[in-house]
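Please look over the model below before reading on. The paragraphs after it go through the fold one part at a time.

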Amino acid sequence: MILSPERKFVFIKGIKVAGTSIEIALAGVCGPDCIITPITPIDELSRIRRGRGAQNYSENPASEQAYIKTLIASNDLSSIDVPKGKYKNHMTLREVITLHGDIADDYLVFGIERCPYRKIISWANMELSFQAYKRGGEMRAKLDDVKSFLEVTVENGRIAHVLNLPRYLGKDGRVGVTHMLRYENLQDDFQRLKSLLDLPRDLALPHAKKGMLFNEYEISDIFSPAQIGKINEMFASEFEAFGYDMLAS
């Protein structure tokens, strides 16, 4: 999550939608008053190198600065825990409003969304390979391992972890995110976002948490008809809200 009083925007970060890439890209345009929540140390270091790291997320500025210094000096980022504070990485819009107060009408409140099937696959890949990624490795699980993991997590409902729609709701229970980027069209949508926020034209979008490229597979190569049916039911609100097509089960 990033809240920028200088640039007048709030970024609400969903799960498995390339939110870390956006957070790293925006580091170069955030000022000292921005609230920037901590991310995985290996990604935090990339963000620091682009201009600015996590800040103003807790009530202890000294500990925030000490954390940044620790990251810069560390030879083993995987051993460092992400610090906790009032503001956290994947917090909801409602939580932001509770802590910060109502968001002014001239702020752009934005997020990113992605086809639920693809989002679930990406989450499974991350769950299986995140420890290697934190040590500097690739986030690339084997296809058979991903399918086995999903057999369990679709059945027991753990895939609900990537339901992002509740994160975008305001205090009135309605969607409060006023601008939504699409993962499937992220580079073009990021260009439009830069225009809306009057950001530098040369601001580049990195590819953070790069994982296995499962897009070469059809959804039916990963999920059974029964699993597709369960996903359709569990994510029905997101398919409708964001205009993604359900597959027949």
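This is a predicted model: local features need pLDDT of at least 70, side-chain atom pairs count only at pLDDT 80 or more; totals for chains, interfaces and linings use all residues.

Residues are numbered from 1 along each chain as its sequence is written, and side-chain values use heavy atoms, with hydrogens and water left out.

Start with the sheet. Helices (H or I, at least four residues) and strands (E, at least two) are DSSP runs, numbered from the N terminus. Two strands are called paired if DSSP finds at least two bridges between them. Five strands form an open sheet in the order 3-1-2-4-5, with mixed pairing. Its edges are strand 3 (35-36) and strand 5, each of which pairs on one side only.

Strand 4 (residues 108-113) pairs with strand 2 (residues 9-11) in the parallel sense over three bridges. Within that pairing, Val10 has Val109 as its bridge partner, and Phe11 has Phe110. Strand 4 is also joined to strand 5 (residues 179-182) by four bridges, and these two strands run parallel. Here Ile112 is partnered by Leu181.

Is strand 4 mostly covered or mostly open? It is mostly covered, with six of its six residues buried. Buried means under 20% relative accessible area, exposed means over 50%, and partly exposed lies in between (1.4 Å probe, protein chains only). Leu108, Phe110 and Ile112 point one way from the strand, Val109, Gly111 and Glu113 point the other way, and all are buried.

Next come the cores. A nonpolar core is a set of buried Ala, Val, Leu, Ile, Met, Phe, Trp, Tyr and Cys residues joined through side-chain atoms within 4.5 Å. The largest has 53 residues, of which Met1, Ile12, Leu150 and Phe223 touch the most other members. Several helices each supply at least two residues of this core, among them helix 2 (41-50), helix 3 (61-73) and helix 6 (143-156). Helix 5 gives the most, with seven residues. Contact means heavy atoms within 4.5 Å. Leaving aside residues up to four places away in sequence, Phe223 touches Tyr117, Ile120, Ile121, Leu150, Val154, Ile228 and Ile231. A second, separate core has 22 residues, including Phe9, Ile22, Leu108 and Leu181.

Helix 3 has 13 residues and reaches 19 Å from its first C-alpha to its last, close to the 18 Å expected at 1.5 Å a residue; the expected span is 1.5 Å times one less than the number of residues. Which residues of helix 3 are buried? They are Glu64, Tyr67, Ile68 and Leu71. Seen down the helix axis, these fall within an arc of 95 degrees, so they line one face of helix 3; the arc is that of the directions from the helix axis to the C-beta atoms. Helix 2 is included in what covers them. On the other side of helix 3, Ala62, Gln65, Lys69 and Ala73 are exposed.

Last, the cysteines. A disulfide is counted when two cysteine sulfur atoms lie within 2.5 Å, and a search of the whole structure finds zero. Cys34 is in no disulfide, and the nearest cysteine sulfur, that of Cys30, is 3.9 Å away. Cys34 is buried, with a relative accessible area of 0%. Cys115 is also buried, at 14%.
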